[in-house]
Amino acid sequence: MSSILLKNVRAVDDMKDSFCDIFIDDGKIAAVGKFLAREADRVIDGEGKLVVIPSLFDMHVHFRDPGQTHKEDILTGCAAALAGGVTGVVCMPNTNPPIDSAETVQYILEKAKDTGVDIYPAGCITKGMKGTELYDWSSLGVKIISDDGRPVANGELMRRALEGSTKNGLLVASHCEDLDIINGGIVNKGVSEKLGVKGMDRASEDSVTAREIALADSCGAHIHICHVSTKGSVGLIRDAKKRGIKVTCETCPHYFTYTEDKLLARDADYRMNPPLRTEEDRQAVLEAVLDGTIDCIVTDHAPHAAEEKADFEKAPNGVVGLETSLAVTLTQLYHTKKLPLIRIAGLMSVNPRKLLGIPFTHIEKGAKADLAVIDPDAEWTVEPDKLHSKSRNTVFKGEKLKGRNIMTISDGVIRYEL
């Protein structure tokens, strides 16, 4: 295994922000300090301009493998992750077959083992994600369970899942959506009227968020709310945290960047679930990121083939995001002076690992060398055809961004370099 010396870089994690040298050897950080005198196989001089952070961890992706590998597979999904500075992901279970067997879990882990990306499959809450019967998760060997892609409509089943999670040390993640309220809606209710299509009322998300909080409170369990997009859900979660209820949540860069106005172009690449909402919702989500109500920034990376996205009304929901997430966050939050890098490292690297009980790498001697090297001032335009994902359905296509991951190191090995 080769050694690497990162000279004159700005090292940032959730505890530090300082200029130093970092020496990597045998898969670990062997030394951190100023003016390190080390012989290395590769020397990279940051010239005081490059930032090194612990590699990102995205706790909400869809790699479509097994079953829909024309959209994405484990290998291309991991390549996209590495390009974005990500070395750890949670794969959601709405594959075909769903992740409700030890065999499917093992298939995913085996396929990912040489990629440089640590994959944590999410097991299904209910058998086959059908919402009728709980699965025995103890045999799966997973850290997180979810029926993401479909809500668990039966409140009693969700309550029992939460009770069981406390005994098995699992995190329960909820896709908060009431399908009866949605009733075939495809965009946010409001812009839907301008487009002449069925709308998705924000009450769908808010009502199930309220239910999950009440259920978690009733049995003293931890609930994690996925992809928060509404002012109402933000308020419910903020209040629940103040009352000591064990609730955490995540959001995606598109929810604090864009509004439903993007849908006026009738371009299905701007359709996802939950949908882009109003400016009031965007501002609420942004404020929740800034004040700590939202714990993690994730992507909900959801690839679809170009032909599937061609028809605005019939297209499936979902956007890719692994290669743009950090850059958009830097553009929207760091360069606007809303958040320092320490907070961004917490949201994208530290907090997701903490929630899952995964050992976290600080930038210190003896730590695992999982790092992202960033040029925070690099300006670039998102070109879908240059993405590493099999699919190109990015909501940020054509967007000019400031800040970019230029190198990803996993276990001391350079796995991606721009």
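In the predicted model, Arg-282 counts as buried, at 13% relative accessibility, because this value falls under the 20% limit that defines the buried class. Arg-282 forms a salt bridge with Glu-279, in which the closest N and O atoms are 2.9 Å apart. The two residues are three positions apart in helix α9 (residues 279–291), a separation of about one helical turn. Glu-279, by contrast, is partly exposed, with a relative accessible area of 38%.

The closest N and O atoms of the salt bridge between Glu-156 and Arg-159 are 2.6 Å apart. Glu-156 is partly exposed at a relative accessible area of 40%, and Arg-159 is likewise partly exposed, at 23%. Glu-212 forms a salt bridge with Arg-211, with 2.9 Å between the closest N and O atoms; Glu-212 is buried, its relative accessible area being 0%. In total, the model contains 29 salt bridges. A network of salt bridges links Asp-118, Lys-368, Asp-370 and Asp-411.

Asp-118 also takes part in strand pairing, as the bridge partner in β8 of Gly-88. Strand β7 (residues 86–91) and β8 run parallel and are joined by four bridges. These strands belong to an open sheet of three strands, with the order β6-β7-β8 and parallel pairing. The edges are formed by β6 (56–61) and β8 (118–121), each of which has a single partner strand, so one side of each is left without a neighbour in the sheet. On average, neighbouring strands of this sheet are turned by 15 degrees against each other, direction ignored. Helix α11 (residues 341–356) lies across β6 and β7 and runs at about 60 degrees to β6.

Strand β14 (residues 247–251) is largely enclosed by the rest of the structure, because five of its five residues are buried. In a regular strand, side chains alternate between the two faces of the sheet. Both faces of β14 are covered, with Val-247, Cys-249 and Thr-251 buried on one side and Thr-248 and Glu-250 buried on the other. Strand β13 (residues 223–225) runs parallel to β14 and is joined to it by three bridges; within this pairing, His-224 has Thr-248 as its bridge partner. Together with helix α7 (residues 231–242), β13 and β14 make a right-handed β-α-β unit. Two bridges join β14 to strand β15 (residues 296–297), again in parallel, and Thr-251 stands opposite Ile-297 in β15.

Key. Residues numbered from 1 in each chain as written. Predicted model: local features only at pLDDT ≥ 70, side-chain atom pairs only at ≥ 80, totals over all residues. Heavy atoms only, no water. Buried < 20%, exposed > 50% of the residue type's maximum accessible area, 1.4 Å probe, protein only. Pairing = 2+ DSSP bridges. Right-handed = clockwise from strand over helix to strand, strands pointing away. Axes fitted to C-alpha atoms, helices over the stretch in contact; angles between N-to-C directions. Contact = heavy atoms within 4.5 Å. Salt bridge = Lys/Arg side-chain N within 4 Å of Asp/Glu carboxyl O.
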